[in-house]
Amino acid sequence: MTEATSPGQHERRHLAVFTEKNTGLDYNGGEQQVCVHGETHTKKSGLFNEEEQPGDGGVANPKRQKAVETLMTELIEESMRRNDGRERDEKMGRVEAGLVKARASIRDAISDSRRSHAPVVEDQDYVPQGNIYRNAFVFQRSYILMERLFKIYVYEEGEPPLFHCGPSKNIYSTEGIFLGLIESNAHFRTFDPDEAHAYFLPFSVVMILHYLFDPIERDKAVLQRVVDDYVGVISNKYPYWNRSFGADHFMLSCHDWGPRATWYVHKLYFTSMRVLCNANTSEYFNPRKDVSFPEINLPTGNLTGLVTETWKSSKSRTTLAFFAGGSHGHIRPVIFQHWKNYTGDDIKVFETTSLPYREMMENSKYCLCPSGHEVASPRIVEAIYAGCVPVLISQGYVLPYSDVLDWDKFSVRLEVDEVKDLKNILLGLGENKYEKLVEGVRNVQRHFVVNDPPKRYDAFHMMIHSLWLRRLNLRVNY
């Protein structure tokens, strides 16, 4: 992570959000390619390869791209009008001063880790170590600062079930569970908005669609009306949204339409932090400010018994690769084309979910985790729970916690055109590589486990840390 600097252009400085001119805090201090508003920019650590296109559909839709450029211009112009001559906000100044010290401490940790083998701080709960982290020492420093400093204000406006409430079962369950955990967390939540670093908009996309969306009329504008009205209420009642153009505000959604819900309020879409399971760069997911959140399927809402306690040895895992699921999206049909009718015992691919799914994962070395209708897949976390190495097959998907975790140490990535060579590729990795990947899965598992109440370094805290990093990479003018 490297220090966040002010944009080089005057108007972009007023906008108070990060663009391609900025460098954000980066554990490796290197460059990593990200797709921002349909263009590829550079920022070290390897989320994307140079030849990669931004998203499932390849190059962004030209009409949508033009709309994005127009809206960005309008935001910049509005920002300049509002900020010129504005009185200095002393309360915001105190909040920003604390973040300046945190950035300096993290920069020191980066320097220390480059000069020598930096020792981690002893911790009775957990000490990040090993190659699953991009930089374990810097991560620990940042995490400790987050626990010490980070405060979130939750707007109390809005009534359940559309606000302050969410689903607790099935594929969208983490939207409701984490919404509830944020609101009930006494450590990070503050009831004083003037001391907050981030502001949470507690609407649930799943609940809005469940109660207001008519499947026959299919009026998607219900999202627009609810979200637009809510932002209007809090921006008129409080100064915080207008002060930063929403850049220090965030929403959370695991619904496929999470990105769509934010489109209707352009500052929410382009400047706010969006915590999304559907972290798709072709839908303008921006890793600079947005947070990729793991999709976790909780069929009953029960958080116990999800993780396989005793893993089978590699010799006991008799299946090389396994997948079962529906043939939706454009990636899964490719898998079925090449492997559905395969007659060997080492690769098992089924176009159904009516199988002893978890048992088959536990008996497999590698578990295929292709995108479906959207880029995210709950199979990634299910594979990690079962001790099965995830094989990631997606396009334009920004993986969860990529700022901190090196996914290449506990997963395998395949391009779609490599699916036909799946068996040769996996066998070619060899037993030693497989054992290292399994060890990585074992070590990373705690970061994907959901606990209530939350435990340090679990999925909740990793999500909060991702928000903390993006808030560090933002300087709000005051």
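Is Tyr 342 buried, partly exposed or exposed? Tyr 342 is partly exposed, since its relative accessible area is 26%, a value that lies between the limits of 20% for buried and 50% for exposed. The model in which this residue is placed is a predicted one.

## The chain as a whole

The chain holds 15 helices and 13 strands. Of its 478 residues, 58% are buried.

Among contacts between residues at least 6 apart in sequence, 71% join residues at least 24 apart.

## Tyr 342 and its surroundings

Tyr 342 is placed in the loop between α11 and β10, the latter spanning residues 347–350. When neighbours within four places in sequence are set aside, Tyr 342 is in contact with Ile 347 and Lys 423.

## The nonpolar cores

The largest nonpolar core comprises 133 residues, and Tyr 366, Leu 405 and Met 463 have the most contacts inside it. Helix α15, residues 459–472, gives the most to this core, contributing nine residues.

Met 463 illustrates how such contacts are made. Apart from its neighbours within four places in sequence, Met 463 is in contact with Phe 178, Ile 182, Leu 252, Val 275, Phe 293 and Tyr 401. A second core of five residues is separate, and includes Val 95, Ala 247, Leu 474 and Val 476.

## The crossing of α3 and α15

Helix α3 covers residues 90–115, and its axis comes within 10 Å of that of α15, with a crossing angle of roughly 105°. The two helices are therefore roughly perpendicular to each other, because angles of 65 to 115 degrees are counted in that way.

On the side of α3, the contact is made by Met 92, Val 95, Glu 96, Leu 99, Ala 102, Arg 103 and Ile 106. On the side of α15, Trp 468, Arg 471 and Leu 472 take part. By class, this contact of α3 with α15 has seven nonpolar residues, three charged residues and no polar ones. An α-helix has 3.6 residues a turn, so residues three or four places apart point the same way.

## A mostly covered helix

Helix α13 spans residues 379–386 and is mostly covered, with seven of its eight residues buried. The buried residues are Arg 379, Ile 380, Val 381, Ala 383, Ile 384, Tyr 385 and Ala 386.

The strands among them include β9 (319–324), β11 (364–370) and β12 (389–393). The helices among them include α11 (332–339), α12 (357–362) and α14 (422–444). Just after α13, Gly 387 takes a positive phi of about 75°.

## Backbone features in the loops

Most residues other than glycine have a negative phi, and most peptide bonds are trans. Several places in this chain depart from that pattern, as follows.

Two residues other than glycine have a positive phi. For His 164 the value is near 60°, and this residue is placed in the loop between β3 and α5. His 164 counts as partly exposed because its relative accessibility is 21%. Phe 245 has a positive phi of about 60° although it is not a glycine, and lies in the loop between α8 (240–244) and β6 (249–253).

Ser 184 is placed in helix α5, which spans residues 173–184. With 56% relative accessibility, Ser 184 counts as exposed, because the limit for that class is over 50%. Ser 184 and Pro 453 are 269 residues apart in sequence, and their C-alpha atoms are 9.2 Å apart in space.

Terms used:
Residues numbered from 1 in each chain as written. Predicted model: local features only at pLDDT ≥ 70, side-chain atom pairs only at ≥ 80, totals over all residues. Heavy atoms only, no water. Buried < 20%, exposed > 50% of the residue type's maximum accessible area, 1.4 Å probe, protein only. Helix = DSSP H or I, 4+ residues; strand = E, 2+ residues; numbered from the N terminus. Contact = heavy atoms within 4.5 Å. Core = buried A, V, L, I, M, F, W, Y, C linked by side-chain atoms within 4.5 Å. Axes fitted to C-alpha atoms, helices over the stretch in contact; angles between N-to-C directions. Parallel < 35°, antiparallel > 145°, perpendicular 65-115°, else oblique. Nonpolar A, V, L, I, M, F, W, Y, C, P; charged D, E, K, R; others polar.
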